[in-house]
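The following paragraphs guide a new reader through the structure shown here. Please keep the display in view while reading.

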Amino acid sequence: MVDKTEVSNKAVDKKIGGAGLRGQSAGETALCTVGKSGSGLTYCGYDVSDLADNATFEEVAYLLFNGELPNQTELDHYKTELFAQRDLPQALKEVLQRIPADAHPMDVMRTGCSFLGNLEPENDFTQQNKASNRLLAAFPAIMCYWYKFSHEGVEIDCVTDEDSIGGHFLHLLNGKAPSELHRRVMDVSLILYAEHEFNASTFTARVCASTLSDMFSCITGAIGTLRGPLHGGANEAAMDMIQKFSSPQDAKEQMAGMLERKEKIMGFGHAIYRESDPRNVIIKAWSKKLGAEFGDSSLYDISVACEEFMWDSKKLFCNADFFHASAYHFMGIPTKLFTPIFVCSRLTGWAAHVMEQRSNNRIIRPSADYTGSEPRKVNPIGER
Ligand SMILES: CC(=O)SCCNC(=O)CCNC(=O)[C@H](O)C(C)(C)COP(=O)(O)OP(=O)(O)OC[C@H]1O[C@@H](n2cnc3c(N)ncnc32)[C@H](O)[C@@H]1OP(=O)(O)O
Ligand SMILES: O=C([O-])CC(=O)C(=O)O
């Protein structure tokens, strides 16, 4: 007779692992493919390059939340809904005022998200779209209200008449309407960062969702995960690095030294893509255009030298973050706000994954291979 305990233990013992769970399928999604078809990245079946050329970020947000692109009436309605929710509650402004200027802006985003969840909680899952859209509308103001208050002592008006979220963010940051080029690049950037399957921050959101927690908790956890330099924090780290290089030649020499010292070069490599990140070619082209408009393309030329050097020496390629650094810089965005912009975009992917997890949920709880001590007895404290 088969011993049932033995069978169930065997099931548990089956190793689903490997460092970083690389190559393991950890669930199903209808939202995104990475490294599979088209240019290598699709959202709900649409190639990201097609979306970047022919859609706006709001259309992509709608797509991720609803599974289909909106028609004009649906888009107008959606944008009106988002537009009406841009302002921040006074209590949140007061909290943001208390966060010091030297705080990490990702900590500001985390606190802003969490605190909004106290003021306007998601009481049940019928409110999941409402909560997601509220965060989508409010994130640019959370970032800019804190930044302008803590750095310039200015209490900004959190509402603008900008039509798009990207334009709204740039307007809040600069206190004036952005150029059409900047509006467009910000929109493309938000599209490129919107969704990326089971990346670390999205997986965090899904794990949190799987316990049937609320949307604000899922997003707050995801922000904390995106913060690290191996994930979203790489765009900021890439900027810090390229700013230290005085010329393309200097970049190559210094990078050679970094590789020799076994340092990680931020903005290069990827856990899934093997030869290129499809988002890079898109943001790189916009960075070149912005550099020309900026009137000094040296940062772009240095970035290209870094790209060539890393490919020639290590066969490592730029990921989505690398040319975002120069692109954002050319638009006058302070480096410390780079990763928070990622939050404003990726919120859409996170929230869509939370909704998907909830729609077919089982608590995510893998097992671990034990590597600790053999079973042992507690000695009385005097004998240790
Ligand atoms: C939007 C995003 O989140 S994109 C990712 C942003 N993160 C970064 O840019 C940080 C820099 N990059 C990295 O640290 C890594 O490439 C990651 C975290 C993105 C992926 O990590 P992994 O999946 O473990 O990388 P992978 O298995 O491809 O690494 C292969 C080898 O290349 C090395 N390598 C990978 N990326 C880099 C890099 N940027 N600089 C130097 N060496 C690198 C690894 O150390 C590893 O070497 P080893 O075999 O001697 O240990
Ligand atoms: O997929 C990943 O591991 C990281 C990434 O590129 C993203 O989240 O956009």
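A pocket, as the term is used here, is found on a 1 Å grid over the protein atoms alone: it is an open set of points with protein on both sides within 12 Å along at least five of seven lines. A molecule sits in such a pocket if more than half of its atoms lie within 2 Å of the pocket's grid points. The space taken by ligand 1 is the largest pocket, and the space taken by ligand 2 is likewise the largest pocket.

The model is predicted, so that local features need pLDDT of at least 70 and side-chain atom pairs count only at pLDDT 80 or more, while totals for chains, interfaces and linings use all residues. Residues are numbered from 1 along each chain as its sequence is written, chains are lettered from A and ligands numbered from 1 in the order in which they are written, and side-chain values use heavy atoms, with hydrogens and water left out.

The protein chain is divided into domain 1 (78-230 + 341-359) and domain 2 (236-329), with bounds that come from an automatic or database domain assignment. The C-alpha centres of the two domains lie 27 Å apart. Across the boundary, 17 residues of domain 1 are in contact (heavy atoms within 4.5 Å) with 15 residues of domain 2.

Ligand 1 is surrounded by 19 residues, each having a heavy atom within 4 Å of the ligand. The closest of these are L230, I265, G267, F268 and N319. Each of domain 1 and domain 2 supplies at least three residues to this shell. By class, the shell holds 9 nonpolar, 5 polar and 5 charged residues; Gly is counted among the polar ones, and Asp, Glu, Lys and Arg are the charged ones.

Several polar contacts, meaning pairs of N or O atoms within 3.5 Å, involve ligand 1. A nitrogen atom of ligand 1 is 2.7 Å from a polar backbone atom of I265. Oxygen atoms of the ligand take part as well: one lies 2.8 Å from a side-chain N or O atom of H231, and a polar side-chain atom of N319 is 2.8 Å from an oxygen atom of ligand 1. Taken alone, ligand 1 exposes 930 Å², of which the protein buries 67%; these areas come from the Shrake-Rupley method with a 1.4 Å probe.

Which residues surround ligand 2? They are H196, N199, H231, H270, R279 and R346. This shell has no nonpolar residues, 4 polar and 2 charged. Polar side-chain atoms of H270 and of R279 each lie 2.7 Å from an oxygen atom of ligand 2. A side-chain N or O atom of R346 is also 2.7 Å from an oxygen atom of this ligand. Taken alone, ligand 2 exposes 260 Å², and the protein buries 83% of that.

Note on methods. Polar contact = N/O pair within 3.5 Å; in protein donor to acceptor, adjacent residues only side chain to side chain. 1 Å grid on protein atoms, 1.4 Å probe; cavity = no way out; pocket = protein on both sides within 12 Å on 5 of 7 lines; lining within 4 Å.
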